[in-house]
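Dear colleague,

I am handing over the structure below, and my notes on it follow. Please read them beside the coordinates.

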Amino acid sequence: MKQAEFLNVVMPFKDKLYRLAKRLLISKEEAEDATQEILLKLWAKNTKMSNYNNVEAFAMTMTKNFCLDRLKSKQAGNLKLVHSNYRDENISLQGHIEAIDSVAWVQKIMEELPEQQKMVLQLRDVEQYDLDEIGELLDMKPTAVRVALSRARKEVRNKLMEKHNYGIG
C-alpha cells in the first residue's frame, strides 16, 4: 500500500483513535503519543492491511491494548484512570474542599477495584460510553459489562457509605 492509499484509509478514523486514547489515558500528551505510536504500527503493517476486514476496528483494538499496557507499565506511575482537574467557581470553600475530598475517595476506591470493573466504570460513568461500545472496546459481552458495572458501582457506593457513616478511612 502506498502512502496516499494509507492516508485515505487511516485519516478518517485518526481522531477516533485519539479520543479513545484520551479517554483511557486522560492526558492529552499521552493520548497524542499513543495515537502516533498506533499510526506508526499501522504503517509498519501497511502491506498486510488489505487482509483486514475492518481496519478501523483493528486500529481501535490496537489503541485500546496499547493504552491498557501503558497504564499497567512502570512508566505510567503518574497516569490515572480518573482525573480531578475540574473547577466550579460558584461553590463555597467548604463545598470545594468536600468535593475534592469526595473525588479523592472515589479515585482511591476505583484504584482498588479489579481492572475490568475499573475500566467499565471509567468508560460508562466518567466517559459516558454506552454499554455496547464498552463491550466492543473491552471484548466483553453486554451482560458481562452490565454485571461488572453493577459490581463496581456497588463497591464504590459501599465504600463511600462506610467512609461517610463512620468517618474512618
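How many salt bridges does the structure hold? It holds six, a salt bridge being a side-chain nitrogen of Lys or Arg within 4 Å of a carboxyl oxygen of Asp or Glu.

This is a predicted model, in which local features need pLDDT of at least 70 and side-chain atom pairs count only at pLDDT 80 or more, while totals for chains, interfaces and linings use all residues. Residues are numbered from 1 along each chain as its sequence is written, and side-chain values use heavy atoms, with hydrogens and water left out.

Among the salt bridges is the one between the side chains of glutamate 30 and arginine 70 (3.0 Å, N to O); glutamate 30 lies in helix H3 and arginine 70 in helix H4, so the pair ties together parts that are 40 residues apart in sequence. Helices here are DSSP runs (H or I, at least four residues), numbered from the N terminus. Both glutamate 30 and arginine 70 are buried, where buried means under 20% relative accessible area, exposed over 50% and partly exposed in between (1.4 Å probe, protein chains only).

Lysine 64 pairs with aspartate 139 in another salt bridge, with the closest N and O atoms 3.3 Å apart. Because its relative accessibility is 5%, lysine 64 counts as buried, whereas aspartate 139, at 62% relative accessible area, is exposed.

A further salt bridge joins arginine 153 to aspartate 125, the closest N and O atoms being 2.6 Å apart; since arginine 153 lies in helix H8 and aspartate 125 in helix H6, the pair ties together parts that are 28 residues apart in sequence.

How values were computed
Helices (H or I, at least four residues) and strands (E, at least two) are DSSP runs, numbered from the N terminus.
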